[in-house]
Amino acid sequence: MALGAALREFSGVWFGWSGQTVDSYTGQLRVERHAGITIATVDLDEQDRNEYYNGYANRTLWPLFHYRTDLTAYERSFDAGYQRGNARFAQALAPLIQPDDFIWVQDYHLALLARELRALGVRNRIGFFLHIPWPGRRTFTTLPRHRELVTALLDYDLIGFQAEDFRDAFADYIVQTAKGSVAADGSVRALGRASRIGAFPIGLDVEAFEAATRSEAAAETAARLAASAAGRQVILGVDRLDYSKGLEERFLAYEQLLADHPELHEKLFLLQIATLSREEVEAYKDLRARLDTVSGRINGAFATMDWVPLRYVNRAYRRDELAGMYRAAALGLVTPLRDGMNLVAKEYVAAQDPDDPGVLVLSEFAGAAAQLRAALIVNPMSREDVAEAIRRGLAMPLMERKSRWRDLMAEVRRTPVEAWRDAFVAALREAPAPATPPRVAVGDTRSTAPTA
Ligand code: GDG
């Protein structure tokens, strides 16, 4: 969604993995047009899927950057897979690059792409945007060869983060560990390289989302949910089924609320949409099993003949249907343990009825908490904190709900996706031009050389 806005504005080419795997890697590009955008994709092989995508990207970097060192795989083969994946993408992409193109690289799967493109002689400006948190220095340095990863990142002309916190954590590494420098304008000098860093909080395509909220499908979904609620207040969670989203902790907080407040029984229910994600990764299977257990326990303990306190749903919904659910919910429960931004929080706000808005309960560890200060901010680790915020939110008088919502909506409108795109592109334009000679550094420890 977010990149769609950038690509339409600049008639860009989207390049990435097709999501398909083949028996042996060919590097063959497939180019299609879709809704006015050129899309170029390449297939990977099974080893890439295991070592690169499910491996280093989703079993090493994702958990580590979300502070889950207990779930982080530090495996040499994944490391090699990540190098190979990035090198393959660079080789497939390089022939498409025109001399005056800007290259915008998205997210943690592609930290080495600039280094690989530079090694192939690409001199264009290249920016990197990280959608997820950048962890604190002592957590990040548990990554073997963390220095190599940061050195490769500094081959980008611009490194963007979702929040100032994450930018500052990166700067802390540069100064304390890499013994480099970070200037007030975000210029970085370290490890023999120069780059620039900045915070660029992502936002919604507000107009498109408001249109979805006004759609017939949204109205129908909202009406259906309200009818099935039969006067009970709806608490809504919408998340990918991911351990960073704090689903288990959320269920336990809700269980605590029901245990402590029998007067609330039958007056509310929690609808949790948890779309399945990364099902090939063991930690996700384990989490799913635990959520099945806790949700079953809650319903077993508290449900009555005609009341199910927790509706736990693993299927995905259309965007306009989700908009309808947000609107019908009296409370949006967004309690990730760590999150780069969290767009669900912003979507929940944008979908509300200005005359009778719901209440947003938001984790202090979501990037969005730096902006959405008028939400009820909670520590997602504390059952008491979350349970109390739910209780307070559901009882909040209309005047306070309206005043908080007005502040929240003003924030959502202040930083729409277009502002994110424009700020990142402007910063990339202003970044100093890339250094000239290709830099395959002496002492470069790559274990996999780019294949010819
Ligand atoms: C990453 C970072 C950062 C969810 N269920 C369905 C569905 N969704 C949509 C939501 C929302 C999006 O998925 C989820 O976005 P989030 O930002 O909440 O979370 P991540 O997926 O973890 O995203 C995160 C984000 O990138 C953006 O930079 O904020 O920190 O982790 O838009 O509405 N959409 C549809 N059906 C569903 O069932 N159609």
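1. Strands (E, at least two residues) and helices (H or I, at least four) are DSSP runs, numbered from the N terminus.

2. This is a predicted model, in which local features need pLDDT of at least 70, side-chain atom pairs count only at pLDDT 80 or more, and totals for chains, interfaces and linings use all residues. Residues are numbered from 1 along each chain as its sequence is written, and side-chain values use heavy atoms, with hydrogens and water left out.

3. Now to the sheet: six strands form an open sheet with mixed pairing, in the order β4-β5-β6-β9-β8-β7. Because β4 (102–106) and β7 (181–182) each have a single partner strand, they stand at the edges, and one side of each is left without a neighbour in the sheet.

4. Look next at β5 (residues 125–129) and β6 (residues 158–161), which run parallel and are joined by three bridges. Here G127 of the structure stands opposite L158 in β6.

5. A side-chain N or O atom of H131 is 2.3 Å from an oxygen atom of the ligand. From the backbone, L343 places an N or O atom 2.8 Å from a ligand oxygen, and a polar atom of M341 is 3.0 Å from one.

How values were computed: Pairing = 2+ DSSP bridges. Polar contact = N/O pair within 3.5 Å; in protein donor to acceptor, adjacent residues only side chain to side chain.
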